[in-house]
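Please open the structure in a viewer and keep the sequence at hand.

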Amino acid sequence: MKVSPVCPRCGETLVVRPGSTAQAWCHVHGAVTPLHHTVLVAHDALAAVTADARVPAWVPDPMPVGWSVTGLAWGGEPGARAIVVDCAGPAPLGGSAELVLVAEEPGTGVGCGYAGLPGPDPGDVIEGPSSVDVKAAGQHAPLWAVPTTDDRAAFVGEAYGVWLWLVMWPMNAAWLLAEQLELIDLRDRIYPDLPLGPPSEHLLPGR
């Protein structure tokens with residue numbers, strides 16, 4: 001079930017222009033691309049969002065043992081300019097963890113919202129040598145560590161010509177990247193046994 005759209009940068013409820021699904025107003029950030037989300041993620045919702053998306057919908061493949069997809073959000077419709085896939089499961093060092101994967105066009109602000117950065121894009125964060133890399137649809141994608149609050153770890157890079165963000169709670173969940181993580185784009189394949197779980201705590205930015 002889809003619910004009211006929120007600001008991609010702070011998660012606050014928006015004032016949506018009548019008849020428009022492409023732009024809305026946040027009392028903090030002004031005109032923004034509305035971030036839509038579902039209460040419960042389902043295979044048909046994934047298929048509907050990815051059918052005409054302008055950006056990838058990334059998920060780990062294979063999914064880490066015990067992990068599942070627990071949330072779905074997208075910015076703008078039709079033709080999503082940003083897609084968020086939230087996953088959760090056992091943390092590498094014990095306890096539980098969450099991983100938010102964001103693909104977004106520049107200027108959308110979704111990844112910065114999850115990472116806790118003030119602007120719509122990472123700016124001069126991407127300089128010098130990369131911190132880690134993942135394999136996105138078979139291509140190496142270097143990622144740079146983003147300075148953020150001490151409750152999470154955040155990395156950003158580029159794949160398919162748009163931003164690729166990985167934001168993890170808690171911070172030590174970054175150990176998921178100790179071995180190269182492989183990602184697939186759900187626009188290419190939504191496999192029927194993709195594990196789905198209950199809603200995640202961090203599906204919306206600012207949470």
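The stops below visit a sheet, its hairpins, a group of charged side chains and the nonpolar cores.

**Before starting**

This is a predicted model, in which local features need pLDDT of at least 70, side-chain atom pairs count only at pLDDT 80 or more, and totals for chains, interfaces and linings use all residues. Residues are numbered from 1 along each chain as its sequence is written, and side-chain values use heavy atoms, with hydrogens and water left out.

**Stop 1: the sheet**

Display the strands first. Helices (H or I, at least four residues) and strands (E, at least two) are DSSP runs, numbered from the N terminus. Two strands count as paired if DSSP finds at least two bridges between them. Strands of a sheet pair through backbone hydrogen bonds, either parallel or antiparallel.

Ten strands make up an open sheet with mixed pairing, in the order E4-E6-E7-E8-E12-E11-E10-E9-E13-E5. At its edges are strand E4 (35–37) and E5, each of which pairs on one side only. From one strand to the next, the twist averages 30°; axes are lines fitted to C-alpha atoms, for helices over the stretch in contact, and angles run from 0 to 180 degrees between N-to-C directions.

Contact here means heavy atoms within 4.5 Å.

**Stop 2: strand E12 and its two partners**

Select residues 162–169, which form strand E12. Are its residues buried or exposed? Eight of its eight residues are buried, where buried means under 20% relative accessible area, exposed over 50% and partly exposed in between (1.4 Å probe, protein chains only).

Then bring in strand E8 (residues 96–104), which runs antiparallel to E12 and is joined to it by seven bridges. Here Glu 98 has Trp 169 of E12 as its bridge partner. Strand E11 (residues 153–159) also pairs with E12 in the antiparallel sense, over seven bridges, and Ala 153 has Met 168 of E12 as its bridge partner.

**Stop 3: a run of hairpins**

Stay with E11 and E12, which form a hairpin with two residues between them. In that turn, Tyr 160 has a positive phi of about 60°.

Move on to E10 and E11, which are antiparallel and joined by four bridges. Ala 145 has Phe 155 of E11 as its bridge partner, and six residues lie between the two strands of this hairpin.

Now select strand E9 (residues 132–136) and strand E10 (residues 139–146), an antiparallel pair with five bridges. Lys 135 stands opposite His 140 in E10. The hairpin of E9 and E10 has two residues between its strands, and Ala 137 in the turn has a positive phi of about 55°.

**Stop 4: Glu 105 and its arginines**

Show the side chain of Glu 105, in the loop between E8 and H2. Glu 105 counts as buried, at 16% relative accessibility. Not counting residues up to four places away in sequence, Glu 105 touches Arg 54, Val 55, Arg 81, Val 162 and Trp 163.

Side chains of opposite charge can pair when their charged atoms come close. A salt bridge is a side-chain nitrogen of Lys or Arg within 4 Å of a carboxyl oxygen of Asp or Glu, and by this rule the count comes to five.

The salt bridge of Arg 81 and Glu 105 spans 2.9 Å, N to O. Arg 81 lies in the loop between strand E6 (68–75) and strand E7 (82–90), so this second pair ties together parts that are 24 residues apart in sequence. Arg 81 is partly exposed, at 23% relative accessibility.

**Stop 5: Asp 185 and Arg 187**

Select Asp 185 and Arg 187, whose salt bridge has its closest N and O atoms 2.8 Å apart. Asp 185 is buried, with a relative accessible area of 2%, whereas Arg 187 is partly exposed at 29%.

**Stop 6: the nonpolar cores**

A nonpolar core is a set of buried Ala, Val, Leu, Ile, Met, Phe, Trp, Tyr and Cys residues joined through side-chain atoms within 4.5 Å. The largest has 43 residues, of which Ile 83, Val 134, Leu 164 and Leu 166 touch the most other members. Apart from it lies another core, of 22 residues, including Ala 82, Val 156, Trp 169 and Leu 203.

Leaving aside neighbours within four places in sequence, the contacts of Ile 83 include Val 49, Leu 72, Trp 74 and Leu 101.
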